[in-house]
Amino acid sequence: MSGFDLDQLRTLVAVVEAGSLTAAAPKVFLSQSSVSEQMRKLEERAGQPLLLRGKTGVIATPAGERLLSHARAILALSDEAYRDLRGVALRGQLRLCITDYFRPGDVARMLRRLNEQYPQVRLHVTIMKSGAIEAAYERGEIDVGISMRIMERGAARGRAHGALLRREPLMWMAAQDAAAPVEDVLPLLVLPETCALRQYVERLLSRRDVPYSVAHVASGVAGLQLAVAAGLGVACLNESAMAPGMVRLRAPGLPALPMAEFRLLPARPGESEFIGLARAAIVKALG
């Protein structure tokens, strides 16, 4: 018999997303040894290695990445077929709000996948700052939100967040042909004062006694990217926000930066079945 086993494909997705066989085991309700056996059988079926195992965990091989993409699509279609036959096909209107720091390419791909798999879902997508998204979510003005949190060492974690979508480093960025800043005062490029990342960066520079001045205020990340590429100054952005004409700036006087997390805001009490299913579909579409 040709083809792949759905349970093995589901386990492959869990292993790659969790980063290890041990961490994946509770996600698929199996023991670590059972997960290992499923991966061994899947690699036999594929005819080539799918995972690279090391001391820090596992990563997918090029063949594993290809199968991972197929696995997510197959599992999504299987879930959709189940919901359709059980009378719970996704249909309705969904208010989705996404931080403008999130990768535009990923958002476009997610919207395309959702449109293909759930044509009866009408998405109303708004791009906002993370703080505004969380506030609107608390007020019940949106159904699903994706926000960015700075993983500041020693800071309170706040209320629990939902599914982790991506984790990436924050970086100092400047124009591609710009030299390291030699001015006594750092020319800082920022978003408006309500931006949590701007607030964090200004606190960090003040704590480290790095003199700075706000050289330019952009209304959104796209405007900030243009200002950086134009050589107007230095900005702090997440790694995936690096655009053409921008490079990572490594200067001795600039403090180290932490990681940032992008997460789906957690489900609210009493959330409808439609929103819960849509939330799961968004996570899969962004996978």
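The model is predicted, with local features requiring pLDDT of at least 70 and side-chain atom pairs counted only at pLDDT 80 or more, while totals for chains, interfaces and linings use all residues. Residues are numbered from 1 along each chain as its sequence is written, and side-chain values use heavy atoms, with hydrogens and water left out.

Residue pairs in polar contact (N or O atoms within 3.5 Å; within protein, one able to donate a hydrogen and the other to accept it, with residues adjacent in sequence counting only if both atoms are side-chain atoms) likewise number zero between domain 1 and domain 2, both residues being required at pLDDT 80 or more. On the side of domain 1 that touches domain 2, two residues are nonpolar (Ala, Val, Leu, Ile, Met, Phe, Trp, Tyr, Cys or Pro), none is polar (the others, Gly among them) and three are charged (Asp, Glu, Lys or Arg).

The domain assignment, automatic or from a database, places domain 1 at 6-86, domain 2 at 92-165 + 262-286 and domain 3 at 168-258. The centres of domain 1 and domain 2, taken over C-alpha atoms, are 24 Å apart. Five residues from domain 1 and four residues from domain 2 form the contact (heavy atoms within 4.5 Å). About 520 Å² is buried between domain 1 and domain 2 (accessible area, 1.4 Å probe, lost on being put together and summed over both), of which 49% is on carbon and sulfur atoms.

Methods. Buried area is the accessible area (1.4 Å probe) that two parts lose on being put together, summed over both.
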